[in-house]
Amino acid sequence: MHKKKILAFTTLAATLVTGAASVQAATLDDVKARGTLSCGVSTGLAGFSEKDANGNWSGLDVDVCRAVAAAVLGDADAVQYKPLTAKERFTALVSGEIDMLSRNTTWTHTRDTSLGINFAGTNYYDGASFMVMKNLGVKSATELDGANACIQAGTSTELAIADYFRQHGMSYKAVTFDTSDQTRQGFESGRCDFLTSDGSQLAALRVGLSNPSDAMILPEVISKEPLGPVVRQGDDQWFNIVKWSLNAMIEAEEQGVTSANADDKRENGNPANKRLLGTEGELGTNLGLNADWAYNIVKQVGNYGESFERNVGMDSPLELERGLNASWKDGGLMYAQPMR
Amino acid sequence: MREFQPVPARPAPVKTVGPVAWARANLFSSIPNSMMTLFVMALFVYFIPPIVDWAFLSANWTGTTEDACVRDGACWVFVKAWSYQFFYGTYPEEEVWRINLMLGLLVLVIAASFTLPKHIRLKASVAAWLLLPLVGIAVLDGRLLGLNQVTTDLWGGFTLNVFMAAASIIVAFPFSFLWALGRRSEMPFIRSVSIIFIEFFRGVPVLSLFFMGSVMLPLFFAEGTNVDKLIRVWIVLIFFMSGYMAEVFRGGFQAVPSGQYEAADSIGLSYWQKILLIILPQVIKVSMPNILATFVMLFKNTTFLLIIGIPEVVQTLQTALSNSYWLGGHALEGYLFVFLVFWSSCFSMSLLARRIERQMNTDKRG
Amino acid sequence: MLKQKTLEQTKAAARRNKGGRSAAFYNNPEIRALGYQLLLVLGLGYFFYSVISNVLANMEATGIKTGFGFLTASAGYDVLMSLIPFEATDTYGRIFIVGFLNTILVSVIGIFFATVLGFIFGVAHFSHNWLIRKVAVLYVEIFRNIPLLLQVFFWYFAVLATLPSARQSLSLGEAIFLNVRGLYVPKMVGSDLFWVAEVALAVAIAGIFVLRRWAKRRQALTGQIFPVFYTSIAMVIGLPVAALLLTGLPFTVEYPELRGFNYFGGITIIPELMALAIALSVYTGSFIAEAVRAGVQSIPQGQTEAARSLGLSEKRIMSLIIVPQAMRVIVPLLNSEYQSLVKNSTLAAAIGYPDLFNVFVGTALNQTGQAIETIFMTIVVYFIVNMVISFLMNRLNNAVALVSR
């Protein structure tokens, strides 16, 4: 009894204080041994990672975490969500505190090459844009010379807007806020003339206004912001797992496989369906996973289209159009590398 | 003989009792005084009715979703729906008894340190205080006691503020005591190290220490090890607190008359016997109000944890405010709620501190 | 303290005299002390060695850049408010200075108003007016017991954000404008002869010191009291104004005016600065009020009675008898309150006032990823500022301390 206690205490101390020893080595083994996936998300971003009143996480970014958990552990709910601020997200990933990061992070050259991280794909094609009050009478971003801008601190938008205004020979005053909710309040109170953020966030912020119809989003998109999941460098197998988990969601939409018909397609579908869902081929084994890895993703999380509509699309309060994020078959940019 | 002439009776005294007299003496004793009184009253009359109307008369009390908030006033439904998370974070509901148990234990230990019989009070309460953080981690985490593990990412809400503050100050206690001794030491190197340590942690903003905990500390550990974020912040808080408490104790040491040191020396006690048996109990006693004040400061500062994304109560509130099904802007209700919770706990602690101070003063006189 | 030291020394001396015969070397207190310190040196050395080598290894492994080279790199983002000219193309080094000046600005404003508020409410605690007394207690107990973060949010989002928009500004004589974007006041722009007025101001300030000394001597010699305070105010205002009139008003006034989206010209005080300064003043003021109350209460009633029996007026009792004595209690408390005000000004990050912490540990850290350098530089600055405050307040403390004769 006594020895057992000491042993238990040592393991407790070991996991709490010194943590999982080998970060660089196999993340897959760590995750399997732990039984949960530790996934870095935003502290609260409507549609992407948000917590409801019962403490359940949901969102487009959260669904990527859930997909990876479903693929690796067979259970989409086996995720430990670690809410991170913009400043600490890369440190948390590199130091091994989290297994993967899915926190609306823009894929840029500098980040990909100098921070010791790898981007595993794009789950949302975004772009910074402007929102103004209709009564301002502004129809285009080029009329905003000398205006005040509400910006959320620590986003890549901060640099994009500086570039845009300099390029057009205009001036602006940046009023930066710490969280998106504060940015919205600042905009609503009239502290600034326009609010700039990624397009997806503008939609969320607009819904949050006390009178959404007073505001409009200007047509200009001033930057490219491809958002996607991130893993640390040096573990190629894990990199592949995250990359192909996302791809499986996109591919499932292309093939018309949904959480509702996955069981049926698994048995009676065409060869591509069967390969995806694991009744044929070796896709799972090549990743070091079970054959039903992608089936679990589609069954428990849904395909990309379902996830989109549920979290940010027409079934959600944000009501975003698919736009760039439609499947390539529908004229969008969502294109899965062939699953064969 | 001259005729007796009574001195004329003095006029009746100005009324000195009753509400009118009281008002005259206390509210309208002079013209500037009356003006100030009227000004303050006007402020009350101007501000209070609309606040009462918003917060009570036309407020929304029933329902569970945002759609229930149809009236103009406050939407208390928001606070109600999120109240569990405001208090307990995402701690599983069936395990929440553990948090309540620890809160109860905390109160029990506080009460015990004031009410136990004198002869065992010091030893028993010191032991209880030092064991409390260990028991707390064991109970809240659960693995050690064979319960289900609740990982630290699920801890949160107002109870996290309480536990972070309490756990930091308790663990900082012995360290700060050593630092205070070091600062009084006659060994030059030990003294200067103590001074540098104390002044460093008192001289830098607590926010920068939190940033150290969140982005700098992970680089300090050997490659491949990683320490839970909450633990890292806890470590930083312990350092911060031991700097502050060391100064509190230094004041305490100075308040102990030098005769006590000399008496202890003269009966042949060793250094540590002298410090632990004679000086420490007196130091703790005189420092008690300041310790409480430091604790209140720390407790209020735990809200700064929001800046590094720890889900304490204000962070939880902001998460709630950004939820896409509660986007109607309930910031005011939420902040008012947090304000009331903090104010009532801090105010009661400062009342307690004042009571202890008064008790001590009577001791001195007796 | 002094006594104890001599005691320790005599003890040590006694042991030394006996030494060699009975006590082993490890019982010699001096050798012991050396041993303890050696242990500490080794422990600290090991600690720093392992931390530094870990940091280096970690940075190597993750490919994070090191060094202070980023200070000369262009920042590429704008800062909301700057006391020196700043553009987005300027360097991180300049951003550091901008942030530093903004921190100093809000700290100085905060310290000034916190002291004023603190003294007003501290003295109000002893008012004859019941309502005023209660308001003073209410002020202290409410603002002392709420986290500063919530107060900053309150002033910024609940009070200042309700001001009208730029086009419906509140205005005072078409010269001063107040709206949700800030407070706009006219600015005096001096031309060639403006230096005369500046010199006149300097002369007035120097004159006050001379006047004070003269008044003191005259009172000592003749017993007559000279109204130094009012004369000083008259000098500070009168001399520069007279100089301006004599040189033919060599300045123009630049009024703020609405052009496009915003007011331009004049001096702009942004709401972030106002909210932070108000929150810091009100919060710290409540602590200072408590310090003042404690200070005044520490003066025995007999002092007031003795002063009254000498025939001093109530105002003079306060300024000559009570306050100078109370200052002995108040000044050390003020010292720590001022220091915590400077440290608390880092909460600027919560509402986006561009103080040192916000622009450097906030945005610069986020853009460069160089956590150690940015946090280290910032910490050092706050540490030095607090050292300076501590030094000044200790000088003040020595000035008000009891001089034992």
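## Chains A, B and C in a predicted model

Helices (H or I, at least four residues) and strands (E, at least two) are DSSP runs, numbered from the N terminus. The model is predicted: local features need pLDDT of at least 70, side-chain atom pairs count only at pLDDT 80 or more, and totals for chains, interfaces and linings use all residues. Residues are numbered from 1 along each chain as its sequence is written, while chains are lettered from A and ligands numbered from 1 in the order in which they are written.

An unreviewed UniProt entry lists "transmembrane region" for residues 38-57, 96-114, 126-146, 158-181, 193-219, 231-249 and 334-353 of chain B. UniProt positions are in the numbering used here, feature names are shortened, and annotations may be inferred rather than shown by experiment. Two of the listed spans are set out below.

| Span of chain B | Helix | Strand | End-to-end C-alpha distance |
|---|---|---|---|
| Residues 231-249 | 100% helix | 0% strand | 26 Å |

B:Ser344 sits in helix α13 (residues 331-365) of chain B. Is B:Ser344 buried or exposed? B:Ser344 is exposed, because 11 other C-beta atoms lie within 10 Å. The cut-offs are 20 or more other C-beta atoms within 10 Å for buried, 12 or fewer for exposed, and partly exposed in between, with C-beta atoms placed from the backbone. From B:Ser344 to B:Phe189 the separation is 155 residues in sequence and 45 Å in space, C-alpha to C-alpha.

**Chain C.** Chain C has 13 helices and eight strands. Its C-alpha trace spans about 90 × 75 × 45 Å along the principal axes. The radius of gyration of chain C is 28 Å, whereas a compact globule of 405 residues would be near 22 Å. That radius is taken over C-alpha atoms, and the globule rule is 2.2 Å times the number of residues to the power 0.38. Of the 405 residues in chain C, 34% are buried. The domain assignment, automatic or from a database, gives domain 1 (2-62) and domain 2 (92-162 + 270-400) of chain C. The centres of these two domains of chain C, over C-alpha atoms, are 40 Å apart.

**Interfaces.** Contact means that the C-beta atoms of two residues, placed from the backbone, lie within 7 Å. Chain C puts 48 residues into its contact with chain B, and chain B puts in 47 residues. On the chain C side, α2(C) gives the largest share, 13 residues. By class, that side of chain C has 34 nonpolar, ten polar and four charged residues. Here Ala, Val, Leu, Ile, Met, Phe, Trp, Tyr, Cys and Pro count as nonpolar, Asp, Glu, Lys and Arg as charged, and the others, Gly among them, as polar.

Chain A meets chain C through 28 residues, against 25 residues of chain C. Which element gives the most to this side of chain A? It is β10(A), with five residues. The side of chain A that touches chain C divides into eleven nonpolar, nine polar and eight charged residues.

**Positive phi in chain A.** A:Asn104 is not a glycine, yet its phi is positive, near 20°. A:Asn104 belongs to strand β5 (residues 100-106) of chain A, and is buried, with 25 other C-beta atoms within 10 Å. A:Glu319 also has a positive phi, about 50°, without being a glycine. A:Glu319 lies in the segment after α14 (304-311) of chain A, and is exposed, with 12 other C-beta atoms within 10 Å.
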